[in-house]
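Please open the model in the viewer and keep the selection panel at hand.

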Amino acid sequence: MVKKVVLAVMILAGFWLFPQAGNAAMQGINTEGGLYVTNCESWVSLRSYASTEAPVLARIPLGTRVNIIDDNDPCYRDMVFAHVQYQGKRGYVLYNYLTAKWTMYRVVNCNEWISLRTEPSTEAKTAARIPRGQLVRFVKQAENGFYYVEYNGRLGYALSYYLD
């Protein structure tokens, strides 16, 4: 019960704390129990227990989805830390860096595909090709007219001109 209340509060808070991303094709809430890492430069710490002094088990990249562990952990009451699972590891992440909200853009304005790049530059290496019509999940606005997005589990940069 406590987890459901906490998740509902986080979902509602996400609407007010995280700005809308332009003219998005679709927006929604992840209702499958996972949350996305947000509100950081590039990563957050997965800690061994619910404290900023706890040893770091892993760095979780911006935009990555983590799974909430429903084990009636007392940290749920205070909404300071979330007990999560990431790549098989269980640990704690500050709630300030998690949201259930997502925004999807559709690839448009191209002949066949666009590039998912490793940096916000047309000169950067192409990490993947995203076919016209496919959806990408918005993570954050970047520089040079790029958005930092997720496509098929990969994070990278796409020119916002090609997204609607």
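**Aromatic cluster**

Begin by selecting Y105, F138 and Y147, which ring pairs join into a cluster; rings of Phe, Tyr and Trp (for Trp, its six-membered ring) pair if their centres lie within 6.5 Å. This is a predicted model, in which local features need pLDDT of at least 70 and side-chain atom pairs count only at pLDDT 80 or more, whereas totals for chains, interfaces and linings use all residues. Residues are numbered from 1 along each chain as its sequence is written, and side-chain values use heavy atoms, with hydrogens and water left out.

The structure holds five aromatic pairs. Planes under 30 degrees apart count as stacked, over 60 as edge-to-face and the rest as tilted. The pair links distant parts of the chain, since Y105 belongs to strand β9 (residues 101-106) and F138 to strand β12 (residues 135-141), 33 residues apart. Strands (E, at least two residues) are DSSP runs, numbered from the N terminus.

Next, colour the two residues by accessibility. Y105 counts as buried because its relative accessibility is 2%, and F138 is buried at 15%. Buried means under 20% relative accessible area, exposed over 50%, and partly exposed in between (1.4 Å probe, protein chains only).

**A pair of tyrosines**

Move to Y161 and Y162, whose rings form an edge-to-face pair, 5.1 Å centre to centre with 80° between the planes. Y161 is exposed, with a relative accessible area of 56%, while Y162 is partly exposed at 26%.

**A charge over a ring**

Select W43 and R59. R59 lies over the face of W43, 3.9 Å from the ring centre. A charge sits over a ring if NZ of Lys or CZ of Arg is within 6 Å of the ring centre and within 35 degrees of the ring normal.

**A loop glycine**

G153 is the next selection; its place is in the loop between β13 (146-151) and β14 (154-159). G153 is exposed, with a relative accessible area of 61%.

**Cysteines**

Finally, select C40 and C110. C40 is buried at 16% relative accessible area, and C110 is buried at 14%. How many disulfides does the structure contain? The count comes to zero, a disulfide being a pair of cysteine sulfur atoms within 2.5 Å.

Methods: Helices (H or I, at least four residues) and strands (E, at least two) are DSSP runs, numbered from the N terminus.
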